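Please look at the sequence and the fold first.

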Amino acid sequence: MLGPVLLAAARSDNIRRVVSAAPVTRPVVDRFIAGERLDQAMETVRSLTGRGLEVTLDHLGEDVTDRTEALRARDAYLALAEALREAGLGVRAEMSVKLSAFGQSLPDGDDIAYEGVLRVAEAAAEAGTTVTLDMEDHTTVDSTLAILAKLRERFPATGAVLQSYLYRTEDDCRALAGEGSRVRLVKGAYKEPASVALQDKHEVDRAYVRCLRILMAGEGYPMIGSHDPRMVAIAQELARRAGRKPDEYEFQMLYGIRTAEQERLAGAGHRMRVYVPYGTDWYGYFMRRLAERPANLAFFLRSLATR
Ligand code: FAD
């Protein structure tokens, strides 16, 4: 019940100010965020890759309202790509980008976001890595997929994210199941209306499995972005039936969530990529994590109560 309230709060500037300023918030945030600075994120990358895990890095930020902020987001990713190149970590670490941080919703936003992310894709290629475009709320899906298609003309390995809660996603999976395509399948983290998205959790799970079947049977590279043990087990079975080898798909989980399971899967020979967010603009990301799981919210509330 609290999920939708928290997702609405994730978009509220007033609540953002209160939550961000509360000193008790910090330790809980630290569980999900690798730090505010690039050097802290790189330290986390070294630690995770040293334990046999792969990484995708997210410089936190979304919904920018002017061009200067969009350029700042792009520059943060260029600095990240350079750090990965210098450290020789491009083979193990890729980058996840939210196009709303690159100016997607500004007038001429599609062009602004495309120009920004193109520079990042070039820098990623120089570092020996690639970019995946995160998916945000449903109003951005057409624009994000159009930018993906343009980027893939020059950088075919650019990844996409599809959300099983949207009615349209099975069709999008079919369209993106071709050779060279990289798709992270997730359930979806935004508050969406019934006109575009399934509202029942079990329906979302069932849709996830249908989408996974399409991706696993296709020619592309499926990335299973879920902490759900059932989805992880079903993905393994579908991969086996499709005759996929361990390097022909991967699992992805968020930093700080089910870390023992992340290491177990990697230890069992699966490719396991951890999504590592860092930066100062953590509010929206943090609220979506609280909304996903009552236990995360309880952890946050307990830390308030014990002060
Ligand atoms: P849920 O349905 O939330 O949980 C199912 C089960 O998983 C739980 O019952 C429990 O058994 C287990 N579980 C879940 N969390 C925990 C936990 N903390 N500890 C122990 N067990 C747990 N969403 C987007 O909309 N766009 C994106 O671009 C995007 N990128 C993502 C990238 C990655 C790598 C991941 C993992 C998720 C991403 N998401 C994204 C979020 C996603 O849409 C879901 O909101 C989120 O992953 C929760 O769904 P779930 O499949 O993990 O399982």
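The report covers a pair of helices and then several strands.

## Basis

This is a predicted model, in which local features need pLDDT of at least 70, side-chain atom pairs count only at pLDDT 80 or more, and totals for chains, interfaces and linings use all residues. Residues are numbered from 1 along each chain as its sequence is written.

## Helices 9 and 10

Helix 9 (residues 201-217) packs against helix 10 (residues 229-241) at an angle of about 30°, and their axes are 10 Å apart. Helix 9 is therefore roughly parallel to helix 10 (angles under 35 degrees count as roughly parallel). Helices here are DSSP runs of H or I with at least four residues, and strands are runs of E with at least two, numbered from the N terminus.

Y208, V209, L212, R213 and M216 in helix 9 meet M231, I234, A235, L238 and A239 in helix 10 (in contact: C-beta atoms, placed from the backbone, within 7 Å).

In strand 4 (residues 159-163), five of the five residues are buried (20 or more other C-beta atoms within 10 Å of the residue's own, C-beta atoms being placed from the backbone). G159, V161 and Q163 point one way from strand 4, while A160 and L162 point the other way.

Strand 3 (residues 131-133) pairs with strand 4 in the parallel sense over two bridges (pairing needs at least two DSSP bridges). L133 stands opposite A160.

## Strands 5 and 6

Strand 5 (residues 182-186) and strand 6 run parallel, joined by four bridges. V183 has P222 in strand 6 as its bridge partner. Strand 6 (residues 221-225) is mostly covered, with four of its five residues buried.

Definitions and conventions:
Axes fitted to C-alpha atoms, helices over the stretch in contact; angles between N-to-C directions. Parallel < 35°, antiparallel > 145°, perpendicular 65-115°, else oblique. Contact = placed C-beta atoms within 7 Å. Buried ≥ 20, exposed ≤ 12 C-beta atoms within 10 Å, placed from the backbone.
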